[in-house]
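Thank you all for making the time this morning.

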Amino acid sequence: TGRPEGRDSASQVSPAPFDLAFLDTMSKHHADGIHMAQVAQDKVQHQELKELTRKMPGDQQADIEEMKAFRSRWYAQAPQAVRETGGAMDMSHLETMAAGPEYDLMFLDMMIPHHE
């Protein structure tokens, strides 16, 4: 591509191995998803969303633990290499919004791009 390895064309970040940046960035991304699901658990109205928000934290925590194990083996001494993904979520709406059909819609509208 002509870019130095470890460089992001949108934000000239310091070089880091791609795998390290992936592990750190995805661990943070999954932690955000866990928080988002925990906030929504008592507010979503549809049973399918209730089940999803109860399942998500365990699934994403398992992924985080696996990524932490890889990081520990491969990059134990490396500084954090979290990169901005451009898809950061503003969860303040979910935290302050009252339960109801509009909440379910907002949760879906935030979670779909989060997983894309």
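Let me begin with what I mean by a contact, namely heavy atoms within 4.5 Å. On that basis, among contacts in the protein between residues at least 6 apart in sequence, 71% join residues at least 24 apart. Please keep in mind that this is a predicted model, in which local features need pLDDT of at least 70 and side-chain atom pairs count only at pLDDT 80 or more, while totals for chains, interfaces and linings use all residues. Residues are numbered from 1 along each chain as its sequence is written, and side-chain values use heavy atoms, with hydrogens and water left out.

As for the fold, the protein has four helices and zero strands, where helices (H or I, at least four residues) and strands (E, at least two) are DSSP runs numbered from the N terminus.

Which packing angle do H2 and H4 adopt? Helix H2, residues 47-74, and helix H4, residues 101-115, pack at about 35°, and their axes are 12 Å apart; the axes are lines fitted to C-alpha atoms, for helices over the stretch in contact, and angles run from 0 to 180 degrees between N-to-C directions. From H2, Leu49, Leu52, Thr53, Met56 and Gln60 meet Asp104, Phe107, Leu108, Met111, His114 and His115 of H4. That set divides into six nonpolar, four polar and one charged, counting Ala, Val, Leu, Ile, Met, Phe, Trp, Tyr, Cys and Pro as nonpolar, Asp, Glu, Lys and Arg as charged, and the others, Gly among them, as polar.

A nonpolar core is a set of buried Ala, Val, Leu, Ile, Met, Phe, Trp, Tyr and Cys residues joined through side-chain atoms within 4.5 Å. The largest such core has 13 residues, and those with the most contacts inside it are Met36, Val44, Leu94, Tyr103 and Phe107. Helix H1 (18-40), H2 and H4 are the elements that give two or more residues to this core. Apart from it lies another core, of seven residues, including Leu20, Met67, Tyr75 and Ala81.

Finally, Ala62 lies in helix H2 and counts as partly exposed because its relative accessibility is 46%. Ala62 and His30 are 32 residues apart in sequence, yet 9.8 Å apart in space, C-alpha to C-alpha.

Key
Buried means under 20% relative accessible area, exposed over 50%, partly exposed in between (1.4 Å probe, protein chains only).
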